[in-house]
Amino acid sequence: MKFTPYKGLRVVDLTDVWAGPMAASFLGDLGADVIRVESSSRPAILRPTASTPTMKGFLDDDPSAQPLWERSIRNYTPNRNKRGIALDLKELSGREILDRLIARADVLLESYASGVVEKLGFGWERISNLNPRLIMISMSGWGHGGPYHGYRTMGSGIDATTGHVHLRGYRDTDVTRTVQAYQSDAAAASAALFAVGVSLRQRKRTGRGSWVDMAQAEVLMAHMPTPFLAEAYGLAEATPLENQHPVHVPFNCYPCQGEDRWIQICVQSQEQWLALCEVLAPSLRDDPRFGSPEARLANRGAVDVAVADLTRGRDSLELQNELQNVGVPAGAVYNQAQVANDRHLNARGFFERRPHPIAGERVYPGLSWRVDGEYDRAERSSNLLGEHNREVLLELGYSPAETDQLSASRVIGDSFQHLMVQED
Amino acid sequence: MNLAADRGPWLPLEGLKVLEVSRTATGAYAGKLFREYGAEVVLVEDPGIESPVRSYGPHSTRGAAADGGGLHRYLNAGKKGVSARDASLDGRAVISELASKADVVLHEYVRSEAEARGLTYDQLADANPAVVVVGITPFGEDGPYASWSATEEILFAMSGRMLLQGEPDRHPLNYAPFVVSSQIATTAAGAAIAAVTGAESSGTGCGIDISGLEAQLSSVDNLFLMYTMSGWEPPRGLYPPYTYPTADGAILLGAVGPRFLDGMARAAGHPEITLDPRFSNPTALAEHIGEFDELMLPFFLGHETVELVDILQNHGVLCAPLQSGRTALSDPQYARRKFFQPLDSELPAPVPGPIFRLESEVPPPVLLPAPWPGQHTVEVLRDWLSAEQETIRNLLQLGAIA
């Protein structure tokens with residue numbers, strides 16, 4: 001990799017699910033040495049040990065192949081560019097390994113509910129004494145302290161409690177009947193990436209590390225200011241816009257030819273409207289209800305019906321190209337096959353192929369940035385459970401004999417097989 | 001109001017100069033992140049082009065668009081405003097000169113547009129080798145769609161995420177305004193601050209190309225790998241709501257499955273349901289979810305949301321209040337953490353504050369209101385470029401700056 005501003009930075013990743021693992025991968029993408037610490041006794045949510053015959057989300061759509069915990073697709077994306085060790089933190093000698101890791105680390109990421117790392121013995125007070133230069137990024141759902149201290153949640157709960165779900169439903173459908181939304185994980189992952197940069201600068205000024213007590217809910221609310229601005233300006237409570245814009249028309253999701261094919265068209269000027277008419281039906285221009293931005297706003301429903309009638313017979317990809325070529329912002333509502341085959345993404349060379357001992361060679365999305373005209377390619381795909389136990393323990397000063405002993409006593413591990421036997 | 005020197009946790013980016021040449025809320029949000037942690041952020045606007053951030057509103061019912069609107073105030077509080085005309089060669093020269101003095105340049109141009117304005121890293125490197133230039137565009141700085149225009153709704157659609165949102169027999173849904181663009185901007189800011197760290201030790205900056213579409217695909221979810229690794233196209237409406245009415249609102253359960261059945265059963269006083277074959281495995285539960293709901297509904301309706309969430313959480317059940325932004329403003333958790341902060345020093349209405357704090361109970365500084373167009377043009381030209389009074393007067397007369 002070439003763009004490695006965090007080369008030399010040591011990161012301990014204690015997170016699970018999405019927001020935390022993704023944040024740690026970002027740091028690995030930037031050259032940091034990220035050690036993902038998993039539990040060897042309690043499978044992470046990303047590594048299931050049980051399945052049912054109809055369950056989705058496993059390599060090659062096969063929920064029965066073993067080892068199951070290495071075949072969960074959810075484990076793959078947010079775990080690139082890390083090494084992995086698996087410990088039993090219930091054991092004193094397991095906690096000692098984590099202590100040694102933390103003592104030499106620059107950054108510790110954790111995404112548990114508030115109170116969990118404290119109970120494990122890795123609260124800020126103790127570990128900042130262990131390593132005064134440590135930067136700890138906590139990224140729980142609601143943050144530490146306050147009446148929700150200790151509450152646990154997944155991303156869907158964050159999207160619900162921030163007002164996001166309220167704003168992204170259908171206008172005519174009760175909010176309790178809307179399907180779940182998942183934006184908070186991505187928002188928090190990026191926020192943690194920025195927080196590490198800010199904290200490193202703070203450390204440079206003060207010589208000391210710091211504890212970032214980030215609440216994923218707060219990040220998401222900062223990313224969706226409109227309901228709060230409506231209150232600030234004394235307006236009516238914000239309601240869902242669906243796929244529309246407060247003033248621009250036509251601006252919506254329109255049906256296209258074929259099953260479940262759609263296009264999002266976002267006209268924002270008179271010029272774009274005229275270009276849209278040229279492509280769809282020049283006669284639209286002459287309808288007095290649609291003649292100006294103000295008229296279209298007043299007749300939004302009629303505009304949408306007229307546009308939908310014209311898009312319905314069109315191929316979404318062809319229409320996207322045709323509209324964009326005349327300057328009308330439009331994008332087909334892609335399925336995943338369309339993402340994978342998109343000519344622009346492929347021409348840019350965005351996707352990358354990487355090998356993996358279990359998954360084999362697969363196509364992955366590239367990194368989030370391209371620097372000086374070139375993509376860096378991830379050096380590692382998702383780690384196997386405990387893949388780097390030995391390597392990392394030797395770096396931490398354990399002898400080969402001690403490492404073997406820790407392995408024999410299951411303080412470190414690389415398999416959940418023993419758990420599965422118990423369950424049977 | 002300046003950032004007070006004793007507020008250490010709020011000054012980590014003090015001394016960083018950020019030039020933001022942005023047109024949309026995406027660039028503006030990236031600049032906002034730098035400003036909130038102490039950087040000096042100069043927002044360059046074109047007096048000849050209507051700013052979509054300013055026109056978005058909401059606008060005060062009293063004085064039309066005089067204050068630039070709520071979104072502008074939210075995104076641009078504390079920034080300095082420079083007005084320079086893009087259509088004028090002298091105006092463009094002023095912008096690239098400012099860029100040659102900046103630590104970070106944030107812009108929204110594709111490569112050909114940036115080149116025409118002298119804003120690529122290669123063009124700036126002679127005068128400013130350590131500069132970090134970040135271009136945030138919908139599709140990236142080059143490639144077949146580089147000249148296309150897009151909104152965040154379009155990027156959401158083309159990322160494959162929109163298709164999953166909503167009900168199977170209705171049109172796909174967008175997310176709430178600005179969540180997609182803000183995530184893209186936050187990623188860009190995170191890459192930029194990392195690059196600054198690198199530039200400070202190596203002396204060499206770089207040009208960072210952020211494609212909004214790619215930034216989403218790279219970091220937001222598993223959909224793409226679900227398809228490439230198992231051939232599965234997840235359907236719209238995959239995750240049911242799992243939401244229930246309460247005495248005064250609604251809650252969302254993190255997951256409804258056997259794992260949480262025990263806690264639910266104990267919380268609701270129905271211990272018998274853990275043994276009920278209709279509910280004890282995921283397949284059966286999905287088939288009998290209606291019966292399950294019927295059984296549980298009196299329990300949910302018998303409690304207010306806050307109390308119900310507390311009971312369920314204490315029984316190990318993942319859940320959250322399902323609430324609107326208005327309700328969130330008075331949620332006791334965010335109130336206790338003092339998350340909502342005054343919009344700016346002139347409008348004390350509470351809006352989301354900084355997204356994290358560095359080990360501090362100290363509230364963030366209240367920033368000055370977002371600038372009016374060109375409010376700091378003269379000041380910034382003097383401070384950054386040491387421009388003489390006469391030069392500035394000439395540029396003003398030429399209409400290059402305003």
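Why does A:Ala408 count as exposed? The relative accessibility of A:Ala408 is 64%, so it counts as exposed (over 50% relative accessible area; buried is under 20%, partly exposed in between; 1.4 Å probe, protein chains only).

The model is predicted: local features need pLDDT of at least 70, side-chain atom pairs count only at pLDDT 80 or more, and totals for chains, interfaces and linings use all residues. Residues are numbered from 1 along each chain as its sequence is written, chains are lettered from A and ligands numbered from 1 in the order in which they are written, and side-chain values use heavy atoms, leaving out hydrogens and water.

**View 1. A:Ala408 in helix H17 of chain A.** A:Val116 lies 292 residues from A:Ala408 in sequence and 28 Å away in space, C-alpha to C-alpha.

**View 2. An open sheet in chain B.** Its 3 strands run in the order S7-S8-S9, with antiparallel pairing (at least two DSSP bridges between two strands). Strands S7 (243-245) and S9 (319-321) of chain B are the edges, each pairing on one side only.

**View 3. S7(B) beside S8(B).** The antiparallel pairing of S7(B) with S8(B) (residues 250-253) has 3 bridges. B:Tyr244 stands opposite B:Ile251 in S8(B).

**View 4. Helix H13 of chain B across S7 and S8 of chain B.** H13 spans residues 289-301. The helix runs at about 45° to S7(B).

Methods:
Helix = DSSP H or I, 4+ residues; strand = E, 2+ residues; numbered from the N terminus. Contact = heavy atoms within 4.5 Å. Axes fitted to C-alpha atoms, helices over the stretch in contact; angles between N-to-C directions.
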